[in-house]
Amino acid sequence: MSLKYAVLAALLEGEASGYELAKVFDVSLANFWPATPQQLYRELERLAQDGLIEARVVQQERRPNKRMFTLTEAGRHDLDAFAAEPPRRPTAIRDELLIKIQAMDGTAPAVTRALIEERASWSRGKLDRYARVRDRLLAGRTEEEYLRDTDRVGPYLTLMAGISFEEENLRWCERVLQVLKRRVALG
């Protein structure tokens with residue numbers, strides 16, 4: 001999959017500037033499809049050239065003008081066709097930390113422990129951000145009420161996946177720290 005469909009899906013929420021889309025990616029899409037702002041702006045240009053999104057310029061007084069992007073009918077049809085296709089390949093984990101853990105046996109336990117504690121901290125931070133997004137989406141409703149009544153359930157379902165992923169990261173980190181502590185005690 002390309003960044004194209006992640007951008008089109010983000011625009012389902014409505015018109016947004018490149019800056020606003022970068023924030024959406026950082027908060028809600030980064031858990032499954034990260035992108036740098038530079039990648040995002042390049043993709044917006046391609047999508048506009050292809051007629052899948054439309055751009056309009058908004059004049060601003062004390063700031064540079066900004067471009068606002070919306071999904072076109074062609075973009076919506078392309079996204080619908082993409083959503084109906086099965087994924088091309090299964091999920092694959094590419095994680096530098098796991099390579100480091102694979103090779104950790106020659107490393108001081110304190111170094112490995114620090115890496116794991118840093119990962120746990122990142123996961124806790126993401127879970128905090130996801131909790132704020134969840135609270136904003138629910139807006140005082142129960143999860144069941146939201147899932148029954150909302151027009152768009154997809155953002156919540158992907159948020160649930162991100163929460164589960166980070167919770168599992170934390171469980172793994174805790175287990176690794178237990179193993180390291182036991183090994184140091186035995187050593």
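What follows is a friendly run of questions and answers on the labels used for this structure.

Q: What kind of model is this, and how are residues numbered?
A: This is a predicted model, in which local features need pLDDT of at least 70, side-chain atom pairs count only at pLDDT 80 or more, and totals for chains, interfaces and linings use all residues. Residues are numbered from 1 along each chain as its sequence is written, and side-chain values use heavy atoms, with hydrogens and water left out.

Q: Why is the pair Arg-152 and Glu-13 called a salt bridge?
A: The term asks for a side-chain nitrogen of Lys or Arg within 4 Å of a carboxyl oxygen of Asp or Glu. Arg-152 sits in the loop between helix H7 (143–149) and helix H8 (154–186), Glu-13 in the loop between helix H1 (3–10) and strand E1 (16–17), and 139 residues separate them. Here helices (H or I, at least four residues) and strands (E, at least two) are DSSP runs, numbered from the N terminus. A search of the whole structure finds 13 salt bridges.

Q: What makes Glu-13 exposed?
A: Exposed means over 50% relative accessible area, buried means under 20%, and partly exposed lies in between (1.4 Å probe, protein chains only). Glu-13 has 55% relative accessibility, so it counts as exposed. Arg-152, at 28%, counts as partly exposed.

Q: How do you know that Glu-15 and Arg-56 form a salt bridge?
A: Their closest N and O atoms are 2.6 Å apart, which meets the salt-bridge cut-off. Glu-15 lies in the loop between H1 and E1 and Arg-56 in strand E2 (residues 53–58), so the pair ties together parts that are 41 residues apart in sequence. Glu-15 is partly exposed at 35%, and Arg-56 is partly exposed at 44%.

Q: Why does the pair Glu-85 and Arg-88 count as a salt bridge?
A: The closest N and O atoms of Glu-85 and Arg-88 are 3.8 Å apart, so this pair also falls within the cut-off. Glu-85 is partly exposed at 40% relative accessibility, while Arg-88 is exposed at 72%.

Q: How do you know that E2 and strand E3 (residues 66–71) are paired?
A: Two strands pair if DSSP finds at least two bridges between them. E2 and E3 have 6 bridges in the antiparallel sense, so they pair. Ala-55 stands opposite Phe-69 in E3, and the bridge partner of Val-57 in E3 is Arg-67.

Q: Why are E1 and E2 described as standing at the edges?
A: The open sheet of 3 strands has the order E1-E3-E2. E1 and E2 each have a single partner strand, so one side of each is left without a neighbour in the sheet.

Q: How do you know whether Leu-159 is buried or exposed?
A: Leu-159 has 5% relative accessibility, so it counts as buried. Leu-159 is placed in helix H8. Apart from neighbours within four places in sequence, Leu-159 is in contact with Tyr-130, Val-133, Arg-134 and Leu-137. The C-alpha atoms of Leu-159 and Phe-32, 127 residues apart along the chain, are separated by 9.5 Å.

Key
Contact = heavy atoms within 4.5 Å.
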